Amino acid sequence: MSNLPSPLLSSRLSPQRGLAVESARNDGGGEPLRLCVLGSGSGGNSAVVSVNGAAMLIDAGLGPRTIAPRLADRGTRVEQIRAICLTHLDQDHFRPTWIATLLRLRLAVFVHRGHVDDLARLPGGSRLAQAGLVNVFED
């Protein structure tokens, strides 16, 4: 049994910090890839993927002021976020309160082509495209 490879992932669940998963092996010399679920449910969905000091949010259904302390509990700051990938624009997946932060930090926003118009219709949403921050993906 000792010849079996170590697990690729380890996970921890904490009511205060959410679910955290990180890769157990990293042959590239940097830190392991980490995934932490910051919120899940009708109150807001968001997860952060981070590696080597940079982070990406998957959905932002919790506002920046709510996410900031949750990120800090995991050793990450909002300023380390480089991009947000939005699965869709229901309020439990994206809070428009993020728009000012996205513009201020010049964060890339990845959104499916089918949701681009919905993003532009949000208050201030068209400013994201004008600032060149919206990146469109297909199926």
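Modeller: A definition comes before the fold. A helix here is a DSSP run of type H or I with at least four residues, a strand is a run of type E with at least two, and both are numbered from the N terminus. The model is a predicted one. On that definition the protein has four helices and eight strands. Along the sequence they follow the pattern β-β-β-β-β-α-β-α-β-α-α-β.

How do E6 and E7 run relative to each other, parallel or antiparallel? Strand E6 covers residues 81-86, strand E7 covers residues 108-112, and the two run parallel, joined by four bridges. One of the residues to look for is Ala83, whose bridge partner in E7 is Ala108. Helix H2, residues 98-105, belongs to this part as well: E6, H2 and E7 make a right-handed β-α-β unit. E7 also pairs with strand E8, residues 134-137, again in the parallel sense and over four bridges.

Side chains of opposite charge can pair when their charged atoms come close. The count of salt bridges in the protein comes to three.

One of them involves Arg113 and Glu138, whose side chains meet with N and O at 2.4 Å. Arg113 lies in the loop between E7 and helix H3 (116-121), while Glu138 lies in the segment after E8, so this pair ties together parts that are 25 residues apart in sequence. Arg113 is partly exposed, with a relative accessible area of 49%. That value falls in the partly exposed class because exposed means over 50%.

Asp118 and Arg121 make another salt bridge, with their closest N and O atoms 2.5 Å apart. Both residues belong to H3, and because they are three residues apart in that helix, about one helical turn separates them. Asp118 is partly exposed at 31% relative accessible area, whereas Arg121 is exposed at 61%.

The remaining pair is Glu79 with Arg77, where the closest N and O atoms are 4.0 Å apart. The cut-off matters for this pair: a salt bridge requires the nitrogen to be within 4 Å of the carboxyl oxygen. Glu79 is partly exposed, with a relative accessible area of 42%, and Arg77 is exposed, with 51%.

Most residues other than glycine have a negative phi. Asn52 counts as exposed, at 53% relative accessibility. Another residue with positive phi that is not a glycine is Asp59, with a value near 70 degrees. Asp59 sits in the loop between E5 and helix H1 (64-73).

Pro32 and Asn52 are 20 residues apart in sequence, yet their C-alpha atoms are 7.7 Å apart in space. Pro32 belongs to the loop between strand E2 (18-23) and strand E3, and Pro32 is partly exposed, with 22% relative accessible area.

The structure holds one cavity of 30 Å³ or more, and about 50 Å³ of space lies in the largest cavity. Its lining is made by Arg34, Leu35, Cys36, Val48, Ser50, Arg74 and Thr76. The elements that give two or more residues to this lining are E3 (34-39) and E4. The largest share, three residues, comes from E3. By class, the lining has three nonpolar, two polar and two charged residues. As for the protein as a whole, 35% of its 139 residues count as buried.

Terms used. Residues numbered from 1 in each chain as written. Predicted model: local features only at pLDDT ≥ 70, side-chain atom pairs only at ≥ 80, totals over all residues. Heavy atoms only, no water. Pairing = 2+ DSSP bridges. Right-handed = clockwise from strand over helix to strand, strands pointing away. Buried < 20%, exposed > 50% of the residue type's maximum accessible area, 1.4 Å probe, protein only. 1 Å grid on protein atoms, 1.4 Å probe; cavity = no way out; pocket = protein on both sides within 12 Å on 5 of 7 lines; lining within 4 Å. Points joined across faces, edges and corners; volume = space filled by probe spheres on them. Nonpolar A, V, L, I, M, F, W, Y, C, P; charged D, E, K, R; others polar.
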